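Biologist: I would like to learn how to read helix packing and sheet order in a model. Could we take one feature at a time?

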Amino acid sequence: MCGIVGFTGKRQAAPILLDGLAKLEYRGYDSAGMAVSDENGKTEVVKAKGRLRALEEKTDNGLAVKGCCGIGHTRWATHGEPSEENAHPHVSDDMSVVAVHNGIIENYQEIKEKLRKKNYSFYSQTDTEAIVKLIDYYYKKYNAGPVDAIAKAMVRVRGSYALAVMFKDYPGEIYAARKDSPMIIGTENGESYLASDVPAILKHTRNVYYIGNLEMARLSPEGVEFYNIDGDIIEKKYVEIIWDAEAAEKGGFAHFMLKEIHEQPKAVADTLASAVKDGRIDLSSVGLTDEDMKGIGQIIIVACGSSYHVGMAAQYVIEDLAHIPVRVELASEFRYRTNLLKDNDLVVFISQSGETADTLAALRAVKEQGINTLAIVNVVGSSIAREADNVFYTLAGPEIAVATTKAYSTQLIVSYLLAVQLAMVRGEIDEERYSSLIAELMSLPEKMQKLLENKERIQWFAAKFANAKDIFFIGRGIDYAICLEGSLKLKEISYIHSEAYAAGELKHGTISLIEEGTLVVGVLTQKELFEKTISNMVEVKSRGAYLMGLTTYGHYSLEDTADFTVYVPQTDEHFAPSLAVIPLQLMSYYVSVAKGLDPDKPRNLAKSVTVE
Ligand code: F6R
């Protein structure tokens with residue numbers, strides 16, 4: 001995710017940059033840096049690994065760095081581990097060009113290759129260094145100024161970026177460019193500001209410009225000019241921000257959880273883009289070769305909590321598509337059992353934080369046996385990511401709310417990508433099916449977005465059940481995996497007792513808990529199991545249950561049984577969890593809010609569970 005800031009004016013830049021970065025630390029906190037230049041364009045770059053405090057200490061709270069024009073960055077690593085070298089700003093060899101970047105340059109390897117042939121060398125593992133040096137290359141080659149050089153680079157790169165660039169030859173000026181990553185600009189009283197998000201500049205101005213996709217800007221103390229990609233000046237009107245400072249930090253959302261629920265289409269799109277190249281899945285950055293994939297005998301997935309629920313969904317998808325036997329294990333159980341693993345097994349560890357104590361201990365135990373391990377992790381450079389043989393990073397960005405939403409969704413995506421690629425490599429599906437599955441995956445972000453645009457019905461329904469004593473979730477197959485996650489989400493932030501049951505198991509005991517008015521949520525996204533789960537819903541209804549049904553468009557007969565029905569867009573049934581989980585996340589969130597609780601910080605829970 002990352003946060004960027006920029007300032008040019010009459011005051012010293014460094015303290016203003018640090019203050020802005022502190023407001024953006026929720027966007028990333030593994031390293032930070034700044035570049036400040038004086039009136040002659042002499043630039044000093046300071047970077048520090050760790051939280052912003054480290055940069056504050058290194059710069060004596062900004063007092064040790066002199067100059068009235070600067071850019072700053074707080075990093076959430078995607079390419080390259082958290083380190084001083086990989087921290088931003090990044091610079092061209094002779095410091096002509098210095099920049100900070102938020103986003104992902106997808107074709108950075110290709111750009112690095114091209115530049116190496118022009119005698120450029122690279123000191124970091126980042127994608128950002130590639131775009132900085134590409135700008136430097138065009139700047140020197142065409143000698144037509146910063147706007148021209150940035151525009152040429154924008155045409156050449158694929159991916160997303162919010163870029164702030166300083167040129168040695170243009171002291172007091174900051175150049176900005178944007179595509180699909182957020183950036184706002186403000187100017188007031190002979191000073192100009194730039195940031196990833198409103199809170200960073202709210203103290204200085206409430207009038208902000210939103211820079212559009214494929215647009216550029218030139219900031220100077222006198223004001224700001226905007227350009228289109230052809231380099232023509234364009235007019236923009238500012239918008240007055242009326243949020244208070246706290247709401248601004250959450251992007252105008254009432255809670256981080258709601259914000260993160262809304263970030264899911266982007267997080268999923270980023271994760272897909274990291275592995276799908278020209279319509280094919282490319283796992284070369286994960287390090288899994290076709291030979292590795294062909295040789296796998298069994299997959300064992302080990303995780304905790306919601307990450308375990310992803311494993312449950314992955315089991316159905318991998319077994320059905322790739323025909324490889326899959327076992328799913330709770331890390332806290334797995335680590336203390338005799339595990340009869342074979343040499344050709346692949347053990348997959350799923351973890352948002354990459355620090356969960358049980359998952360880490362289970363990983364170490366498996367590694368001791370010499371079995372191949374793969375981690376699906378969100379936090380770059382975390383212990384699990386470092387210690388596993390291979391890592392598939394989810395690109396969810398930092399998750400602040402304790403209850404996971406966007407990390408869960410990106411973990412699901414990674415498990416689908418693995419399933420589809422395993423199926424293809426092992427000859428279980430043909431080219432046509434492969435392409436159609438990938439196309440379906442690529443359409444998920446848009447479908448998720450549609451779901452998020454229609455949340456009012458869920459909000460209304462959630463308020464009705466805010467005082468419920470017990471809520472049950474039932475489903476079969478993949479729908480059972482969705483139920484597990486829906487139930488955990490609800491109980492952890494609303495404190496309502498809730499159980500997820502495989503629908504067919506109800507009659508073996510749990511049905512005795514159903515009373516008049518008990519809410520039972522049936523999840524029915526799988527055509528073959530639809531009638532079976534309907535029968536189980538009828539059974540609980542005849543014992544007094546109030547029924548909510550969650551299904552895909554087309555299954556309209558559910559309305560004959562359910563009292564309240566929610567539809568999600570159609571997709572390949574293997575990928576239904578990605579859509580069906582969204583109404584359940586929203587329901588949990590709104591129940592929690594209706595009860596007057598803080599969904600971001602549920603009692604007794606911590607974001608990262610580093611103890612057994
Ligand atoms: C629930 C939740 C937890 C985590 C679990 C594992 O909303 O967030 O159940 O999924 O603590 O954490 P990670 O994925 O960091 O290993």
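Modeller: Helix α8 (residues 264-275) and helix α14 (residues 406-425) have axes that come within 9 Å and cross at roughly 30 degrees. Axes are lines fitted to C-alpha atoms, for helices over the stretch in contact, with angles from 0 to 180 degrees between N-to-C directions; helices (H or I, at least four residues) and strands (E, at least two) are DSSP runs numbered from the N terminus. The model is predicted, so local features need pLDDT of at least 70 and side-chain atom pairs count only at pLDDT 80 or more, while totals for chains, interfaces and linings use all residues. Residues are numbered from 1 along each chain as its sequence is written, and side-chain values use heavy atoms, with hydrogens and water left out.

Biologist: Which residues of α8 and α14 make the contact?

Modeller: Contact means heavy atoms within 4.5 Å. Gln264, Ala267, Val268, Thr271, Leu272 and Ala275 of α8 meet Lys406, Ser409, Thr410, Ile413, Val414 and Leu417 of α14.

Biologist: In what order do the strands of the open sheet run?

Modeller: Strands of a sheet pair through backbone hydrogen bonds, either parallel or antiparallel, and two strands count as paired if DSSP finds at least two bridges between them. Here seven strands form an open sheet with antiparallel pairing, in the order β5-β6-β7-β8-β12-β13-β14. Because β5 (90-91) and β14 (233-234) stand at the edges with a single partner strand each, one side of each has no neighbour in the sheet. Within the sheet, β6 (residues 97-105) pairs with β7 (residues 159-167) in the antiparallel sense over nine bridges, and His101 stands opposite Leu163 in β7.

Biologist: Which strands does helix α5 lie across?

Modeller: Helix α5 (residues 146-156) lies across β7, β8 (174-179), β12 (215-220) and β13 (223-227), and runs at about 20 degrees to β8.
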